[in-house]
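Dear colleague,

Please find below the structure that I am handing over to you. My notes on its salt bridges follow.

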Amino acid sequence: MWRGLYTAATGMVSESKRTDVIANNISNAATTGYKKDVAIQGEFENLLIKRVYDHESSSAVGADMKVLSKLNTNAEDVTQFKGFKVGSESQAPIGKLGLGDYIAEIAVDYSQGSLESTGNELDLAIAGEGFFAIQTPEGVRYTRNGAYVKNSAGVVQDLRGYNLLDVAGNPIVIPGNVNVTINGAGEIFTVENPARQLARIQVVQFADRRAVQKQGDNLFYAATDNAGNVAQPVPASGEVMQGMLEKSNIEIVREMVELIHNHRLYEANSKAVTTQDAMLDAAVNQLGRIGS
């Protein structure tokens, strides 16, 4: 009875966390370059159930001793009960009993978001794999948000004031009122004849997607492995698209359906907890009274 109570409770905790993940996805549906989170569910190790009365004698007198004799065990062995002995292979298995679940991981769905044309020469999107590298107070961070502007000094920055970096790790500067064109490799050229190259945008990817983790505020950081080494990025295979922005990969209808489904699972676990509580109440306050 207690086991059922806790099993249902773990389901409620899991669905509560999943609700938070879905709510965060929905709130970022309009965030440029946002990648949705997915709650990965895990299961606690199942408990193998066996019958304990298979060796019970039909005669009540000396039944336990007969069982002990058959099993060749010591009469004082405290690991046995009603013919069941810990480690014995003689009891027939009934099946497995689930002990609940938990959220094992919050994974990131890196599927491509749709591309929207803006006509702004500093609006950039990546078609395929890759991240833009920007300089933040915490160090270099990575993002799919390609909405950039020039400040008064001509430095290309995002809307938070973080500098967009070139392949050498330096801020990108576009002087004066110079118009630029950006090709698929991220190379920035002036719109003049002859054109001259100003910089090349640092667009990178990671061999293992688990090597980059969400920091928040639509930023990613390079994680460290067990040996303390920071994951190193490599040039991205994706193509830079000028005058476009990548929308989030959130599908509002799908997320709303998932939210409703999640609510029903939470409600089912809640009813299971209520039922278990009622059974415990009956066992303590009614059966106990009858037995006395």
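**Salt bridges in the predicted model**

R209 and E129 form a salt bridge, in which the closest N and O atoms are 2.2 Å apart. This pair links distant parts of the chain, 80 residues apart: R209 lies in the loop between strand 17 (203-205) and strand 18 (212-216), and E129 in the loop between strand 8 (124-127) and strand 9 (131-136). A salt bridge here is a side-chain nitrogen of Lys or Arg within 4 Å of a carboxyl oxygen of Asp or Glu. By this rule the count comes to 11 salt bridges.

This is a predicted model, in which local features need pLDDT of at least 70 and side-chain atom pairs count only at pLDDT 80 or more, while totals for chains, interfaces and linings use all residues. Residues are numbered from 1 along each chain as its sequence is written, and side-chain values use heavy atoms, with hydrogens and water left out.

R209 counts as partly exposed because its relative accessibility is 39%; E129, at 33%, is also partly exposed. The class lies between buried (under 20% relative accessible area) and exposed (over 50%), with a 1.4 Å probe and protein chains only.

E246 and R144 also meet in a salt bridge, at 3.0 Å from N to O. E246 is in strand 22 (residues 244-246), whereas R144 is in the loop between strand 10 (139-143) and strand 11 (148-150), 102 residues apart. Both residues, E246 and R144, are buried. Together with K35, they are linked in a network of salt bridges.

Strands are DSSP runs (E, at least two residues), numbered from the N terminus.

Yours sincerely

Methods: Helices (H or I, at least four residues) and strands (E, at least two) are DSSP runs, numbered from the N terminus.
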